[in-house]
Amino acid sequence: MQVARYLINNYLEPNQTLMKNLLNLTLLFILIPTLLSAQRPAQIQKEGVLVKNMSGFNTGDTIPILGLNSTFNKYLIKDLYGNRFVNINKIKLIEGYYDYWEDIWFKYRAADIVESGWDFQEREVLNDEANDYFQNALQSDIIFENGLLYDYLYQLILDIHPKALNKAKIGYFKVLIIKSADVESFVFDNGLMVMTTGLLASLDSKKELVELLTTHIAHIVLEDNLINLKQEIKAERRAAVFSGIATVATAAGSAYAAIEHDIYIDPYLPADIGLATYFLSKSLMESAGASYNQNQIILALSVSKNFLANNEDLSWHNESAFNAYMAPAISFTAWQAYHMKNYSQSILLTEKLHSMQLALEDDYLLYSKLLRSTSNTEESNLKALEFLTSAQKMSKSLLIDLDKEAALIYLRLGDKENAEIALNNYKKGLELLSKKGMTTEKEINDINQIAYYHKLDLDQFEN
């Protein structure tokens with residue numbers, strides 16, 4: 001192209017304007033496809049050696065293979081008559097060009113792309129849906145933020161699939177963790193993986209997590225979402241689904257409050273703790289093409305299983321790191337289950353943290369609350385106080401909710417002296433919150449009622 005430009009500028013006479021314009025136009029048509037191709041991956045092709053003569057080719061010729069029809073064991077090639085499928089026994093495949101996931105894409109998707117194109121419009125619809133989903137989740141404050149956990153998940157994903165996605169344009173995997181006790185996960189066509197804190201909390205080993213991620217990657221590589229969109233889902237239905245979610249998200253506002261604060265661990269959570277249900281609904285998954293049929297599920301599991309069979313080291317090593325990275329999701333889910341009155345699940349998850357020696361001060365506080373909610377024996381009350389002592393020792397700041405919990409347990413034990421001390425400490429903490437602008441009137445009223453009922457002498461609260 002530089003040679004052509006040189007000829008235009010140095011050898012054409014000034015009055016040959018028309019010829020210059022024609023050559024410039026020619027260069028433009030050469031340049032545009034080059035620029036556009038840089039925005040999309042090259043079509044994966046393989047090569048094979050002919051073992052039988054075919055039209056336009058002789059035995060021993062090396063020819064490009066454009067795709068594969070795995071059902072009928074035929075290769076897609078291009079000869080004098082255009083694209084056509086030929087029996088694989090006519091060509092000996094040359095191996096060694098691509099990795100596992102590129103081979104999977106070639107086996108199941110390449111021929112369809114050659115025949116019908118990249119489906120740019122449909123892909124763009126699915127990409128817009130993924131972006132809308134993320135924006136609505138962000139505005140609704142239901143995204144679980146933990147930088148170390150996200151980094152751990154990205155490490156595992158890149159260990160499984162280290163290259164960019166082979167889509168209509170270059171794409172990469174993305175992870176979104178939703179604050180929800182539901183055990184759920186699904187993916188969008190553009191590589192966005194959605195999973196819940198409840199799902200992560202339910203996993204017992206790194207092996208289970210790696211298997212989950214690998215199966216999701218298989219669905220994305222196989223492009224099941226796109227296939228389902230083309231076959232079943234109408235654009236009007238998708239728009240309606242996201243419109244409904246946006247309305248709910250706007251009405252609910254910030255439905256999930258952060259559980260940990262500097263001095264007040266356990267604030268009141270909004271009544272609509274089920275907002276995430278809308279972000280995990282069946283209709284939304286259908287809209288994103290993520291409601292897979294039985295054949296798609298079986299194939300994705302098979303692809304995942306075959307990959308892991310040859311990469312066993314991804315599943316077993318560094319189990320202690322897995323537990324540490326999952327701990328924040330386990331803790332959050334335990335608190336959420338507690339507020340949803342699902343005490344059995346909350347106890348199970350809190351004990352899981354305790355057994356892994358990963359419980360923090362807020363986890364010990366929760367353990368105390370659970371004991372108080374599910375038992376009222378002297379033994380359980382004394383054990384609850386032990387958990388509060390452990391929480392206080394671990395805490396590096398003033399956690400006033402520990403005082404409130406301790407007061408309630410002391411009252412159960414008939415120890416009014418210590419209950420009075422704890423409630424006064426709690427009241428002082430509320431005063432600090434009030435000075436910071438937080439609303440504390442309801443808590444103050446509750447404390448005063450407790451003091452009146454049990455005839456406790458509390459300090460005067462300063463507004």
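The points below are grouped by topic.

This is a predicted model, in which local features need pLDDT of at least 70 and side-chain atom pairs count only at pLDDT 80 or more, while totals for chains, interfaces and linings use all residues. Residues are numbered from 1 along each chain as its sequence is written, and side-chain values use heavy atoms, with hydrogens and water left out.

**Aromatic pairs**

- Rings of Phe, Tyr and Trp (its six-membered ring) pair if their centres lie within 6.5 Å; planes under 30 degrees apart count as stacked, over 60 as edge-to-face and the rest as tilted.
- The count by this rule is 14 aromatic pairs.
- W105 and W118 are stacked, because their ring centres are 5.9 Å apart and their planes lie at 20°.
- W105 belongs to helix α3 (residues 100-116) and W118 to the loop between α3 and α4 (120-139), so this pair ties together parts 13 residues apart in sequence. Helices (H or I, at least four residues) and strands (E, at least two) are DSSP runs, numbered from the N terminus.
- W105 and W118 are both buried, where buried means under 20% relative accessible area, exposed over 50% and partly exposed in between (1.4 Å probe, protein chains only).
- Y133 and F279 make an edge-to-face pair, with 5.6 Å from centre to centre and 80° between the planes.
- This pair links distant parts of the chain, with Y133 in helix α4 and F279 in helix α10 (residues 276-279), 146 residues apart.
- Y133 is buried at a relative accessible area of 1%, and F279 counts as buried at 1% relative accessibility.
- Y133, F186, F188 and F279 are linked into a cluster by ring pairs.

**Strand β7**

- Strand β7 (residues 174-178) has 4 of its 5 residues buried, so the strand is largely enclosed by the rest of the structure.
- β7 runs parallel to strand β9 (residues 192-196), and 5 bridges join the two. Strands pair if DSSP finds at least two bridges between them.
- I178 has T196 in β9 as its bridge partner.

**T215 in helix α7**

- T215 lies in helix α7 (residues 206-222) and counts as buried, at 15% relative accessibility.
- The side chains of T215 and S304 make a polar contact at 3.4 Å. A polar contact is a pair of N or O atoms within 3.5 Å; within protein, one must be able to donate a hydrogen and the other to accept it, and residues adjacent in sequence count only if both atoms are side-chain atoms.
- Leaving aside residues up to four places away in sequence, T215 touches A300, L301 and S304, contact meaning heavy atoms within 4.5 Å.
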